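These are my notebook entries on one structure, set down for a reader who is new to it. Each entry records what I looked up and what I found.

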Amino acid sequence: MNFVDAIAQNLSAAILSVEWTLQAVDEALVDVLGAVCKRERTKLLRDLFAEHATYAPPPHWLADFLRGRKFIQNAARNTSRVAVVLSPPLFTPTERFRALDIPKLATPHDLAVWLGLSDAELAWFADLRRTQAKTQIKTLQHYDYHFIPKTKGPPRLLEAPKSRLKAIQRRILREILDAVPVHAAAHGFVAGRSCVGAASRHAGEALVVAVDLKDFFLTASMARVYALFRSLGYPSAVADALTRLCGASTPQHVFDVLAPEQRHDFETRKRFEQLHLPQGAPTSPALANLVAFRLDLRHAGLARRFDAVYTRYADDLAFSGDDAFARKSRSFLAAVDTIVADEGFTLNARKTRLMRRSGAQRVTGIVVNDHINVPRAHYDQLKAALHGCVTRGPAGENRTGACDFRAHLDGRVAWVETLNPARGAKLRILFERIDWRAR
């Protein structure tokens with residue numbers, strides 16, 4: 001390797017170690033080569049950013065681009081002015097994640113190739129120009145927006161990624177996020193775990209405490225999402241692109257379809273406008289679980305100190321223990337509140353419930369007093385609906401307007417069979433007696 005090649009590669013490494021902006025790259029040039037002629041630097045920057053306006057190019061391309069520049073030749077004649085710099089960005093996971101079988105991507109260009117995109121397409125889907133929070137043109141938006149009514153308060157905003165972005169997110173989920181282990185206490189959106197498993201951990205306890213996190217996805221820290229991708233080994237530019245591919249910035253005008261009394265408060269709307277985990281993206285549940293790892297770790301440790309059990313199903317936190325735990329429940333809840341605030345989340349205080357064995361104890365909607373069971377009211381309602389289908393025909397019983405009422409009832413019966421096989425068998429007999437040809 002001649003000295004011109006060495007300088008080109010050295011300078012390429014220096015440029016790729018800084019933020020991809022005109023000012024940062026210009027400063028890197030000066031740091032390595034000294035006060036190179038401003039006119040030459042300006043021409044180089046203009047040509048470089050004309051080729052790669054939004055994301056840094058691969059190291060080998062940049063080295064080739066620099067090699068033919070006149071001031072590189074001049075630098076080769078004045079070796080004292082050339083500083084030693086770090087190596088180009090490398091995929092370097094932390095010790096905890098070193099054994100994971102995930103794509104090894106060192107540059108945004110590598111990420112684009114892995115996703116089957118051009119560099120420009122990657123920049124568009126990652127919203128590098130920050131246009132998504134402002135545009136009112138539907139065809140330029142990456143998400144479709146739908147409001148789902150809630151029993152109380154403003155409706156829930158569902159942000160569904162459009163087909164191409166959804167395919168990108170699914171690949172990130174399948175080939176990166178699914179490989180990352182979550183805390184043992186997390187039961188929601190984890191393969192092999194379920195709300196049934198979470199509920200069963202609390203069966204037969206003297207006291208069950210249920211706590212709800214407010215706006216779980218919206219308040220999950222995107223800084224921690226970025227830190228997660230960095231810990232997995234991705235250099236800064238790649239981690240930033242992955243974070244933005246999994247995030248959303250919601251335009252304020254989306255809320256204009258709501259009546260004034262239904263709209264979210266100003267602070268909530270501003271949070272939506274900032275980059276956040278969208279409820280509706282396939283990557284959001286997995287990322288929320290991973291972002292909540294420290295939350296789970298601290299709550300699990302707190303529960304152990306109180307001889308209690310802790311589980312989390314999405315935004316539903318549950319703790320349970322014996323009579324000694326029940327006597328300390330006030331101080332315990334104060335500690336939970338502190339941990340939740342420390343980790344950047346917010347408790348929905350009106351949904352906190354302390355349930356003793358003398359009443360119904362429920363975790364994720366499942367009764368856990370002595371063993372997991374279906375709530376009696378749910379069982380009675382379903383039994384009555386099945387009986388009506390048998391005696392009067394199924395058409396008149398489809399009061400919720402289910403598209404496939406047969407599959408709907410079949411799923412509800414199967415749910416009861418999972419929680420209480422004896423009761424489920426009785427319902428199954430009724431289900432099999434329904435004449436689905438009846439009108």
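Predicted model: local features only at pLDDT ≥ 70, side-chain atom pairs only at ≥ 80, totals over all residues.

**Entry: a hairpin and its strands**

I began with E4 and E5, which form a hairpin with two residues between them. In the turn I noted Ala314, with a positive phi of about 60 degrees.

I then looked up how the strands pair. Strand E4 covers residues 309-313, and five bridges join it to E5 in an antiparallel arrangement. Within this pairing, I found Val309 opposite Ser320 of E5. E5 also pairs with strand E3 (residues 207-212), again in the antiparallel sense, over six bridges. Here Val211 has Leu317 in E5 as its bridge partner.

How many of the six residues of strand E5 are buried? I found five of the six to be buried, so the strand, residues 316-321, is largely enclosed by the rest of the structure.

**Entry: two further residues with positive phi**

I looked up Asp307, which sits in the loop between helix H15 (293-305) and E4. Its phi is positive, about 55 degrees, although Asp307 is not a glycine. Asp307 is exposed, because its relative accessible area of 64% is over 50%.

I next turned to Arg130, in the loop between H7 and strand E1 (143-148). Arg130 is not a glycine either, yet it has a positive phi of about 60 degrees. I noted its relative accessibility as 40%, which counts as partly exposed.

**Entry: helix H7 and the surface**

Helix H7 spans residues 119-125, and Trp124 lies in it. Which residues form a nonpolar patch on the surface with Trp124? I found Ile137 and Leu140, and the three together have about 270 Å² of accessible area. Trp124 itself is partly exposed, at a relative accessible area of 36%.

I also followed Glu121, which forms a salt bridge with Arg164, with 3.5 Å between the closest N and O atoms. Glu121 belongs to helix H7 and Arg164 to helix H8 (residues 163-175), so the pair ties together parts that are 43 residues apart in sequence. Both ends are partly exposed: Glu121 has 28% relative accessibility, and Arg164 has a relative accessible area of 44%.

**Entry: other salt bridges**

I counted the salt bridges next, and the structure holds 23 of them.

In one, Glu343 is joined to Arg298, with the closest N and O atoms 2.9 Å apart. Glu343 lies in the loop between helix H17 (329-342) and strand E6 (353-356), while Arg298 lies in helix H15, so this pair ties together parts that are 45 residues apart in sequence. I found Glu343 buried, at 5% relative accessibility, whereas Arg298 is partly exposed, at 30%.

In the other, Glu397 forms a salt bridge with Arg399, at 3.0 Å between the closest N and O atoms. I noted Glu397 as buried, at 8% relative accessibility, and Arg399 as exposed, with a relative accessible area of 65%.

**Entry: a buried arginine without a salt bridge**

I looked up Arg423, placed in helix H20 (residues 421-432). Arg423 is buried and has no salt bridge. How far away is the nearest side chain of opposite charge? It is that of Asp380, at 6.4 Å. A salt bridge would need a nitrogen to lie within 4 Å of a carboxyl oxygen.

I listed the contacts of Arg423, not counting residues up to four places away in sequence. They are Asn373, Val374, Arg376, Tyr379 and Val416.

**Entry: Val254**

My last entry concerns Val254, in the loop between helix H12 (236-245) and helix H13 (266-273). Is Val254 buried or exposed? Val254 is buried, because its relative accessible area of 7% is under 20%.

Leaving aside neighbours within four places in sequence, I found Val254 in contact with Tyr145, Phe147 and Leu157.

Definitions and conventions: Residues numbered from 1 in each chain as written. Heavy atoms only, no water. Helix = DSSP H or I, 4+ residues; strand = E, 2+ residues; numbered from the N terminus. Buried < 20%, exposed > 50% of the residue type's maximum accessible area, 1.4 Å probe, protein only. Lys, Arg positive; Asp, Glu negative; His and termini not counted. Contact = heavy atoms within 4.5 Å. Pairing = 2+ DSSP bridges. Patch = residues over 30% accessible without salt bridge, like charges linked within 9 Å, V, L, I, M, F, W, Y side chains within 5 Å. Areas by Shrake-Rupley, 256 points an atom, 1.4 Å probe, with all protein chains shown as cover.
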